[in-house]
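Please open the model in the viewer and keep a selection tool at hand. The stops below proceed from the whole chain to individual side chains.

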Amino acid sequence: MTTSTETRPPRAPARSWLRDHSELGVCVLLLALGVLVLTDALTMDVDLTQRGPVGPRTVPLVVGGGLLLVAVLLAVDVLRGGRGEAEGGEDIDLSEPADWRTVLLLAGVFLAFAVLIEPLGFPVAGALLFWGAAYALGSRHLQRDPLIAAVLSLLTYTLFNNLLGVPLPGGPLMGAL
């Protein structure tokens, strides 16, 4: 017989199981990415490019299958109690909240790059990307950072466009470069 004066142990919050198994989010991401890669590989039109037993589908199929395998193995490990351990040199204090300002600034810089690469070209959009990322991560050298970003962007453009043969959009600077 229980009385109302007896103390019951406090219930654990509902989020504790999710917090203890947060690696399952990575499993879901890997699973979704694997399905996306496999779907894209299987719907690829390869009639003209197939020249032998190994064609353009081979690598995406292997990568997609590997992503699915890793997702399943990681999920099994997490559900059996496995946890990722922090590296010995890890200097992140997990009790501190996330720095959402930096995350949002970086996301905005990447989104702006994706929008601006076609109209402005890679050299200008890349310089804005490199400078914006440096600013978002805390660098405040307003004379040095844009110069380094412009040089880095031009070197990257030249390396990909001229040496590797991967054409990047040049934008208004197409004739000058």
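The tour begins with the overall fold and then turns to aromatic rings.

**Whole chain.** Display the predicted model as a cartoon. The chain contains 6 helices and 0 strands, in the order α-α-α-α-α-α along the sequence. Of the 177 residues, 22% count as buried. Among contacts with a separation of 6 or more, 57% join residues 24 or more positions apart.

**Aromatic pairs.** How many aromatic pairs does the count give? With ring centres required to lie within 6.5 Å, there are 2 aromatic pairs.

Select Phe113 and Phe122. Their ring centres are 6.0 Å apart and their planes meet at 85 degrees, so this pair is edge-to-face; the cut-off for that class is over 60 degrees. Phe113 and Phe122 are both buried.

Select Trp131 and Tyr135 next. This aromatic pair is tilted, with 6.0 Å from centre to centre and 40 degrees between the planes. Trp131 and Tyr135 are separated by about one helical turn because they lie 4 residues apart in helix α5, which spans residues 122–136. Are these two side chains buried or partly exposed? Trp131 is partly exposed at 31% relative accessibility, and Tyr135 is partly exposed at 29%.

**Charge over a ring.** The charged end of Arg140 sits over the ring of Tyr135, at 3.8 Å from the ring centre.

Terms used:
Residues are numbered from 1 along each chain as its sequence is written. This is a predicted model: local features need pLDDT of at least 70, side-chain atom pairs count only at pLDDT 80 or more; totals for chains, interfaces and linings use all residues. Side-chain values use heavy atoms; hydrogens and water are left out. Rings of Phe, Tyr and Trp (its six-membered ring) pair if their centres lie within 6.5 Å; planes under 30 degrees apart count as stacked, over 60 as edge-to-face and the rest as tilted. Buried means under 20% relative accessible area, exposed over 50%, partly exposed in between (1.4 Å probe, protein chains only). Helices (H or I, at least four residues) and strands (E, at least two) are DSSP runs, numbered from the N terminus. A charge sits over a ring if NZ of Lys or CZ of Arg is within 6 Å of the ring centre and within 35 degrees of the ring normal. Contact means heavy atoms within 4.5 Å.
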